[in-house]
Amino acid sequence: MSDRIKKFLSSGTLFVWFCGTAVAASLLMVGGVLLLIMVNGLGFFWPHALVEMTLTDGTRVLGELKGEEVIPHSATPEFPEGKTRVRLKVGNRDLYGLDFRWVDTEHIASADSPKDVAAFERREWGNFYGRIREVSRGEDVVATGNQEGWKALQPLIEQANDLQEEIEHLQRDVIGDINFEIEGTRLRIRELELRGQDDAREVAELQAMTSQLETQYHKHVETLRALSRQLDEYSVLLVETNGQEKRLPVGQIVKALRPNDMDFFEKILRYFMNFWSVLSEEPREANTEGGISPAIFGTVMMVLIMSVAVVPFGVLAAFYLREYAKQGLIVRVIRIAVNNLAGVPSIVFGVFGLGFFVYAVGGTIDNLFYPEALPTPTFGTGGILWASFTLALLTVPVVIVSTEEGLSAVPREYREGSLALGATKFESMLRVILPCALPGILTGLILAVARATGEVAPLMLTGVVKLAPALPLDHHFPFLHFERKFMHLGFHIFDVGFQSPNVEAAKPMVYVTTLVLVMVVIVLNLSAVALRNYMQKKFKASAV
Amino acid sequence: MTITSSPSSSLLARIGLRTLRRWLDHGARGVITLGGWATIFSIFGIFAYLFIEVVPLFYTASWSEETAVQIDTFSEVPPQNISVGVNEYMELGYVLRNGDISFYTFPDGTPIPLAPSVLSVVERSRRMPDFEEGEITALARSPGKQHVYGFGTNIGRVIPFYVTFRVTFEDDVRHTEPVVTAGEPFEAAPDGSSIARLAYRETDSGPIAAVLTDPGRLFLTKVQESEAGGLFALETESELLQAEITDDGVDALSVLVLDDLGETLLGGTKDGRLFYWDIRDIWSPRLMGIYSAGTSITALSYLIGDRSIVVGTERGTVAVWMSVIDPDVGGDPRLEKIRDFSPHDGAVTTISPSLRDKGFLTADVSGGVALHHSTSGQTLIRIPGNGSAVLAAMFAPKTDGALVLDNSGRLITYDVENEHPESTFSSLFFPVLYEGYEEPLHIWQSTGGSDEFEPKFGLWPIMFGTLKGTIYAMLLATPLAVLGAIYTAMFMRPNVRAVVKPVVETMAAFPTVVLGFLAGLWFAPLLEKIFPAVAAMFLLIPLAVVVICVGWQFLPSRLKGTSGNVTELTVFMLVLAGTTWSCLQLNPQIESWLFDSSYKGWLQSSFGLAYDQRNALVIAFAMGMAVIPTIFSISEDSLSNVPPHLIAGSLALGATPWQTLTKLVIISASPGVFSALMIGLGRVVGETMIVLMATGNTPVMDMNLFNGFRTLSANIAVEMPEAPHGGTLYRLLFLAGLLLFVFTSIVNTLAEIVRQRLRARYSQF
């Protein structure tokens, strides 16, 4: 027997099993994290059923069921398993103070999913769960009762949403344009003063323009007020499950749903509508509700600018190292340096970006080209350009290494053939080597983009903000505003998850953002892998 | 591959196609070389830039004499009746003596004529109707304020006196105009005797004065200003609160100072004793202690914040004393000498504290001036004297200069380069005795609520935190990643491996902000609930693997299939998932069996460890996860790159796979595994988002697995947005970045060199 044990031990099977378990653990961790993000992120869009519970003390609770657990330290001789409790999202933050509530299972007398309860998504204070008591226009009651009210409310909400859109258009586009022009004339006057060319006529002209713009501004503000009044014209009296009333202007309601009254297909439809609205809408309530469209936009813009900056430099450096430089100690040292750069923590790039790009370069640009705006910095503060440049530095090793790989995969015969046919080195680079290395360059670019998309730490120092007043791309000349601050998916996760006052209510939003970010990064990575495989196959085939 | 071109083109015809092509080729070579070098240069540029930003931290301060003007002779004026001051731009200064004030512009040093309004105030203050024959015998600067004085007279009165610099802008040019005002005099020596020494302080509710009269009596006076009763009466009423301090030895006092809060009074005597009074109750001042400074005390000053006191003596010694309260005993603070600075050649005549940090200026009888900084314990600058005693001096409000008046009548301004007085190598890396602490400690606490806060720039706690996070994360990641790599490279079927490897590598693509978020908001609260189960897992999973492995040997091989296939991997996963699941199910039971029904209480009582929700264990999991794919992937590469004919040879010679693995593969691939670990280490050390989100970011120094820490990287992310450009904190954060840069560079270079060697060795086979 002891021989068998000895043999078993010396065969190393046990060790192999431990190794195997390590792989299994890694796989489970990846799978678990992906699953966690998928379930939480994708579950967010589903219209959850509303449960109405009557408790043993006679009060009632209405909300979405969000989980069940054993109460810690509740195991008693009678309940060896411990008592359980359920967690409900009860909404109505303005009435209850908290969005979530724990209910002990033993206190539940009955539970039900009535079809007539509705979830109202509001512009402020989160969701309201309850019923409608009456809908009124000013003082006059238009409809009473839950059923009547529900019917009357639907068109009103649509109307209100249209109005809201108009208001937003007016605020952002029309009034935004006027403000932009006013600021422009102010800076122009200041510029003339600074140059000492402030001859009275021109300044007076500009000032006249300003006052004209201001008149326009006031006119639009009036219209805006009128619209806002119109928005508040209709109101709805809601009642929560225990009879507490809440009057709400219809304009406050984004959408109203009766999830218990929806069939499966309606829910699917609603699911995709919700998904789309998160992707396309602006954030509300300190980013914890609404959509993430500016963050997506900012991320894409930043990555694009970064790509424009990183590709030429990375490719040039790779061509130099692989094709032009004399292979020797220096090139080896440079390769090590490039590799090191890839290993330098991203926050260090952030520090460098802040010191060099923002303060040194940006500050100089401000002094030379934007003295009229000082002391408000234009480029001397974090902005999308500096963030993109910082990330370009961060990702340049990825492009170099990948391009070099691509170049080294090009068979030697191609070069020799091209040169033998009389092409100069440059010509054979441009017409033969570059096309062959293109998949390698693209792989590098995709990997760089994937890395940049997920990187947050350096952005926090170089220009990302929680809420950007304006997108870096708009219809004002010069259309691309490199100096503007921007929003970013990764920073959105950090900000909403860790710096919002109501973390619990913000969690779904964070999961959704996480889902979007992870999907983008994984798709990018997979496409890089696919491209690389394609490249390897192609050259394997052609080398034969 | 043909070069198509039309020879008819005139340009080409002239210079020739061949030449053009050659030029193009040369040009391209130039551009590519330039681009290559530019990229490479920028890599080294990053290091250079970080270095350039850090270096000023360690500059020694420098000085230069800017102005020296002869204004008058002063030999007959006692020093306690003279003061000088300068505004924050070092443009305008004044000399105050016997109640006279004269202003000078700098750097040219020309006196400016006083406006009649200014004169009249001076005149008026000297010839107040109720003390017409009064003569100014002493003056004192109010602590914490730049140009607020009290004048003491020979009939026991004190007159508040204010110098302000009114700044106006005209066409963006700054004009500064001095304004002088005098306050309401009050009786500080009730016996009407002459004031010999004065300590004065202006508070919001009225001035406080401590006066030593010529006969050697010490009086404390506070003017209590209160709004007079009645609804419409706006004039203030004032009331004198007064007490005499009668402790033994007060008649020997030579220096007297009040603190900024008006809570303590300090006196120094000619025989070297230091008196320390509690004066919070004006009616009954209380002596808290008498301390011996050795020799006659000639100058005294509080530093900003009132906790540190600078004592200058006749022998020229300069020392900082600190008020300490025993945390165990409580009660009155006592004074303790904590630092000696390099002494002057002669008696110290003046001490002028900085109004923005813990720096101060001292000057002596032979005209020498020195600048010191209390926290870092260093004498920054020593300016040799020319033999004439310094009568009065002021450290410039922005600590960038000094104004000095000596008794030969020379008024001198110095320009001082003194950007980062608080940072020295030893104040950053060695324990420092900070105000309010009992012993020298490593502390990082860069910002406080006010100017009085003493910034604590000990880098150790943060470096320690970095180390702590790295160690725990690597402890978790190394076995998982390396063992996993061994299995994947050596025992896994190629078709399984083709799936498993990319899946694990996907994990590398996970943005760390996502891992940080999950760790902080999902895992940390979960772990707090299921900690007993997790602790049990570390024991039970290996046990379960052993048991199932042994059992597996008895299964018929028909069921098992070849080793390294999907079945085997599924079994591993099932074992793992099953054990984890059972541990989670049994969490309450495990807690009661292993941890006396409450693991937090158990940790506290058995090891004295407190459990924070966001702790190093959470970080170990999250950072471990971030780094596993890196280590896994590189180790796997080097293991599977062991030349196959070596393995085949070993197996052909009769070695078992296990022997081949331990005796050949692991040994020959170990440099690769080592470099994988190094690269992983580099990644963990600089990881920012996970640490930022999943620890409490408290810079504490202990290895407790269950509390948080702060790392260099997270520290940068937390503090950089608030660090003013060019300040000490800003540069220190650059230093943190530089440390990270250097560390990761060393580690990565090591890894790369090892890898290149390995590659060269393999290519020999």
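**Close-up views of the contact of chain A with chain B**

**View 1. Contact of chains A and B in a predicted model.** Chain B gives 86 residues to the contact and chain A gives 84 residues; two residues are in contact if their C-beta atoms, placed from the backbone, lie within 7 Å. On the side of chain B that touches chain A, helix 2 (residues 17–54) of chain B has the largest share, 19 residues. Helices are DSSP runs (H or I, at least four residues), numbered from the N terminus. This side of chain B holds 57 nonpolar, 21 polar and eight charged residues. Ala, Val, Leu, Ile, Met, Phe, Trp, Tyr, Cys and Pro count as nonpolar, Asp, Glu, Lys and Arg as charged, and the others, Gly among them, as polar. In this predicted model, local features need pLDDT of at least 70 and side-chain atom pairs pLDDT 80 or more, while totals for chains, interfaces and linings use all residues. Residues are numbered from 1 along each chain as its sequence is written, and chains are lettered from A in the order in which they are written.

**View 2. Packing of helix 2 of chain A with helix 6 of chain B.** Helix 2 (residues 13–43) of chain A packs at about 55° to helix 6 (residues 494–509) of chain B, and their axes are 9 Å apart. Axes are lines fitted to C-alpha atoms over the stretch in contact, and angles run from 0 to 180 degrees between N-to-C directions. From helix 2 of chain A, A:Val23, A:Ser26, A:Leu27 and A:Val30 meet residues of helix 6 of chain B, including B:Val500 and B:Met507. This helix contact has seven nonpolar, two polar and no charged residues.

Conventions:
Helices (H or I, at least four residues) and strands (E, at least two) are DSSP runs, numbered from the N terminus.
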